Amino acid sequence: MDARDERLDPVRSFTLTSFRLEEERWRRFVSEEENQVIFSSFFNTPDYKNLFLCRDPEDGGLSVGLDPPQNVQTKVICVSRAGREVITRENVRKILVIQEVEGEDAKSFIIAVSEEVTCPLLINLETSRRWAVGLAEEALRSTEQQRNEALVMEAQMEGGTFLTYPEALHEDQLHGNTFTEDTEEGKLSHTKLLHSCDSTITEWVKLVSNFLQQDSSQPVLDGLDPLPSDEFNFWRTRLKNLHLIQQQLRSSRAQQVVSVVQRADSVNWSSLRDLYSEVQEGLDEAQDLTVNLDPVQEKLEQLERMDYLQLGDNMTALMEEVRQVWIRSEFYRRPCWVVVLLQEICNLFIQMSRRFLHEEEVMAGLGSDPGPRLDDVTLVIWTLQTLKEEYRWCRTQLEQDGDTHNWDFPSNLVFFNLDHFLLHLQSIQSFQLHLNHFWVQVSDLERRLVSVLSRAFEDCCASSSGAKLVKMFGFLLDRPLIQDQLRPHLTRLEELVLEELDQTELLFYSQREEPNAFSRVTPSAAAGLCWTQQLRLRAENSLDHYRTLQQLDLDSGASQLILQRFQQIVDLLQDFTDRGRSSWSCLLDSDCEFILKQPLIQNNKQGMLGVNCSHKIQVLLKELRYVSRKSDVELRPHAARLFTCRDDITQSYLSLSHMVSCYEQVASDVLPVELPLIRDQLQDLNQDLSELQRYTWSSEGVQQLVEQKRERLLLVHSSVSRARANMAAVTRITQEWAELHLLQRSGDSLLEVSDTEQTYRRIRAEGEEVLRLTQVNRSLYGAEVSSESWIRYLDHIDDQVQYGLFQLVLRSLTFLSDNMNPQSCSVFLTVSLQLQETGIVFEPSVGVGLSDLLQSIYSAASLPLRVSERRHGNYQVSLPQSPDLSALEQEVMHRLLQVKEEAERLSAGLDRYAYLWQSDRSEVMQEFLIYSRQLGDEEVEVEEAPPTLKDFQREIESLHRLSREVTHLDDIIVLHSWLQVDLRTFKDSLLSIVQEWKHLYTEYLLDSVRDSLQQVTHHRGDDEESSSSSSFPLTETIFLLEAAGVELPEHLSAQLELIT
């Protein structure tokens, strides 16, 4: 459908006028694909009765739909069809009804169109006779269903209950009651009408019963806190809905339902009478409660408008109204209902109290000015207590009157929430008392803290722990009560400071001759200086601890004494430091003179090359680094010279150490095939090192010479190291090949062929990597391709590669051999026996898979290219020469041949069922229908003998036995302990074929039953057997089919019930 469709003209004109739209905006709206689908569905599908257009509340655009729009407050255009035919451009203006309604009235419009236009039109006999047979009934039923849905939705939105009416009433009107009960059509129509009325009454009873079972106490049972207004609204809504239900039950259409079930004396007639009675009783109850609860509602509304101060004086009048409800209303005189009402009244007063108090402001006011807030809390408590007292008074009055029922229910059911609220208010009221008690507890807590801190200071054995306590609890020690009681302990901490200063002096005198405790982290000559530095730091720490105590302003008079004692220790340590520094300077100069005369490198006692005086140089360099951080150390001539060039000597020393280490790495761990390749380079390195042995640390140009020789040695070391790393990579690759698993068991212990292609790609890629590394090594060694030393090197690598591939194949063949041994293995390979067009086959084929697997195992050795240049052929060629591999391969092939023969015997044994899938079922069935059996090959001229029921029974029972035989075949058969044959697919296929054979016979019998029933239906009243031209008795045929497990189709069962 496009925008130019003439059927849209009425809708377009009405929409443009109603919504004041421009023509271009309408064209854009209709051009949208989604809107075109909706318009097309409405015009071309008779099932859609209404179309709705409205403005989108979000963007103001148009929207169209086949269902009433939800939550739309603006106007809606409702387009309805007055007939059921497809809308064309010829009938569009006659069949469409277009009206503008408010958004919430869209459902009302649907109802009005259905009641005032569509239904009368369809019921009109003159109109319906022009329609096809059954079309008017279907259109009326669809329209009635749409009207009922709209009425139900409208009633639910208004909180009411809508009772739908039977659709058959309209159909009865449609036929104009032309059918009488004496005719077949009349009986059928009357039965249909009665059934529809019974169903409608059942639905009415269910709807009304569900509504009457609603209870105003449900919110309380659900754990909510409802208010009295909820109770009043419940009964007012209930009364309104009961009036609506009664009005519907008294309507003319409802009376038609009553008339139908009453004339037919239906079992639902009594249910309908009970329904009328229950609705009347509910209506009486709701009217009584609404009238009697009005005074209570008015009184509560008055209380809500009063000031909170006036509530307490009006509690008596409120409770009197509640008591009068109990006295006047017979229906409300139930404990559960009055308890709910009282609970709701309590909830209302709790809500009013909270608004009066503003609980957050109450708690905030208690911290600043608690007086006014506590007065408000007291007022609320008094008001709520007054409510409880008036309740008790009413309860006593009811007991004294004696002519009404008492309130004998527990009071805690009524005041459960109120009592909790009162407890909360009383806790706020007692806050002030707790505050006074709080200060008493603070004083007691201070005394307890003094006790705890006294014990802590007593346990302090050093001024550091005491200072930590003062820092941690300084905010408490400032409190006068605590400081006064802890003063003796604080004075003792000052004494500890003096004792620690005395201990520092004593330690100096006792250890000044052996200051070697720091020699592992500093030069030995400087250990004394470090030791004195530590002693000074210790004295300063003690002084810092005392200054922490001074923050408390103790005024003990020990301050001057502690400062004097500290200064004495500092002067003593400084004198010792000056004398030690002078001695260290002389010793350092002597050591530097010795080192400057020593050669750079030499052979040690073990004959290995090393840096000369290595340890001595390290110690001197460490001392020089220490001197560089001390500006007060005097350096003498040799020490000054070494100090000046300490960076160059340090660099040369590190370079020499690195050179010696690299040389040892190159010269050691040489492979026999590698030594001829690096012999010339080793000789050059020995000459360079011999030259360095003639130089000392004081020689000119030492650093430049060392760097020159170092660069040459590092080049050789780098080449040899990379070549050896490449050789290690080759070795690792071949070792990994030897550990690869081409075959392994899966999680269910069956054979799992690894990702062969991925494994082969890996072997091929790693083989190329081996060749690449080999060529890199030739470049690193600088070897000639045709040299004998390089050829022997390649042969060495070739041997490693061949060994790795040999182990790979050997591992895989050993796996197969072990898992194919019937004495010691379990199932590791499975095949499925299947029935195909060619007959019984194994999938995969037995033997072919394993043969291919063996070939793929050997082919793995052909993937890497040959490394050796004088060995021809790939690695696979040399593998069969191994007796171990040949023996394993023969053993695997022998066991494979054995299991293949066993599998063929299994297949041959199942060929006894071949006739089932090889025979032509249609020909066999034709022979059976002529001769009552299947003819043999030698039978040529046989007398015709049509089959009897016993012949059919014989064939069906034979197929049953065959089916049971096939079912009992083994699902799984294991051959030679390692090959598992799965017969389940074969069994399923064979059972399906047997079922098809059985279906030939049972379908023929069903056709016979169908023919017999058709004949009996046309000759009702005649004898069943005589009226059937079938050769089989109908009853016995049905029994035979039931015995065969065949159920009659529903239409045949229905015909059978009509004739029995």
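Leu 833 stands opposite Phe 842 in strand S10. The model is predicted, so local features need pLDDT of at least 70 and side-chain atom pairs count only at pLDDT 80 or more, while totals for chains, interfaces and linings use all residues. Residues are numbered from 1 along each chain as its sequence is written, and side-chain values use heavy atoms, with hydrogens and water left out.

Strand S10 covers residues 839–843 and runs antiparallel to strand S9, residues 829–836. Five bridges join the two. Pairing requires at least two bridges found by DSSP. Strands (E, at least two residues) and helices (H or I, at least four) are DSSP runs, numbered from the N terminus. S9 and S10 form a hairpin, with two residues between them.

Leu 833 is also among the contacts of Asp 982 (heavy atoms within 4.5 Å). Beyond four places in sequence, Asp 982 also touches Val 831, Ser 832, Asp 971 and Ile 972. Asp 982 lies in strand S12, residues 979–982. Asp 982 is buried, with a relative accessible area of 14%. Buried means under 20%, exposed over 50% and partly exposed in between, with a 1.4 Å probe and protein chains only.

A nonpolar core is a set of buried Ala, Val, Leu, Ile, Met, Phe, Trp, Tyr and Cys residues joined through side-chain atoms within 4.5 Å. The largest has 116 residues. Leu 816, Tyr 913 and Trp 978 touch the most other members. Helix H32 (residues 788–819) gives the most to this core, 13 residues. Another core, of 48 residues, lies apart from it and includes Trp 235 and Phe 409.
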